[in-house]
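Let's walk through this structure together, one step at a time. Have the sequence and the 3D view ready below.

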Amino acid sequence: MEFWTKLDISVVDGWTRLDYFPFDAYNEVGNLPAIAERFRERDGHYPSRILSDKIYRNQENLRFCRECGLGLVTAKLREIAAHVLAMSVLVLN
């Protein structure tokens, strides 16, 4: 069990948005469909791809992504965090 905060971040047109910032101890794997739907409601379309750590790569999430035409890119959490920060810095500069 993890005891630190989890982040749901989206990057759209160069803007980084902190979507969800809970401090609860919970397993976030089941949140992927809700996160994608929240993005679609706000922006009018699904994201082109979802960057996540490998824990999200389960049958339910893969099926959801396939049905919605989403790309699910999984990597080590450190690599994902570095990618999001790099995108934010590039846009801000």
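In the protein chain, 39% of the contacts with a separation of 6 or more are between residues 24 or more positions apart; contact here means heavy atoms within 4.5 Å. This is a predicted model, in which local features need pLDDT of at least 70 and side-chain atom pairs count only at pLDDT 80 or more, while totals for chains, interfaces and linings use all residues. Residues are numbered from 1 along each chain as its sequence is written, and side-chain values use heavy atoms, leaving out hydrogens and water.

Now for the overall layout. The protein chain has three helices and four strands, and along the sequence they follow the pattern β-β-α-β-α-β-α. Both kinds of element are DSSP runs numbered from the N terminus: helices are H or I with at least four residues, and strands are E with at least two. Of the 93 residues in the protein chain, 28% are buried, where buried means under 20% relative accessible area, exposed means over 50%, and partly exposed lies in between (1.4 Å probe, protein chains only).

Take a look at two of the helices. H1 (residues 32-43) and H2 (residues 59-68) pack with their axes 10 Å apart, at an angle of about 25 degrees. Axes are lines fitted to C-alpha atoms, for helices over the stretch in contact, and angles run from 0 to 180 degrees between N-to-C directions. H1 and H2 are therefore roughly parallel to each other, a term for angles under 35 degrees. Leu32, Pro33, Ala36 and Glu37 of H1 meet Asn61, Phe64 and Cys65 of H2 in this contact.

Some of these residues turn up again in the largest nonpolar core, whose eight residues are Leu32, Ala36, Ile50, Tyr56, Phe64, Cys65, Leu70 and Leu72. A nonpolar core is a set of buried Ala, Val, Leu, Ile, Met, Phe, Trp, Tyr and Cys residues joined through side-chain atoms within 4.5 Å. H1 and H2 are the elements that give two or more residues to this core. Not counting residues up to four places away in sequence, isoleucine 50 touches Leu32, Ala36, Leu70, Gly71, Leu72 and Val73.

Leaving aside neighbours within four places in sequence, glutamate 37 is in contact with Tyr46 and Phe64. The C-alpha atoms of glutamate 37 and proline 47 are separated by 9.5 Å, ten residues apart along the chain.

Conventions. Parallel < 35°, antiparallel > 145°, perpendicular 65-115°, else oblique.
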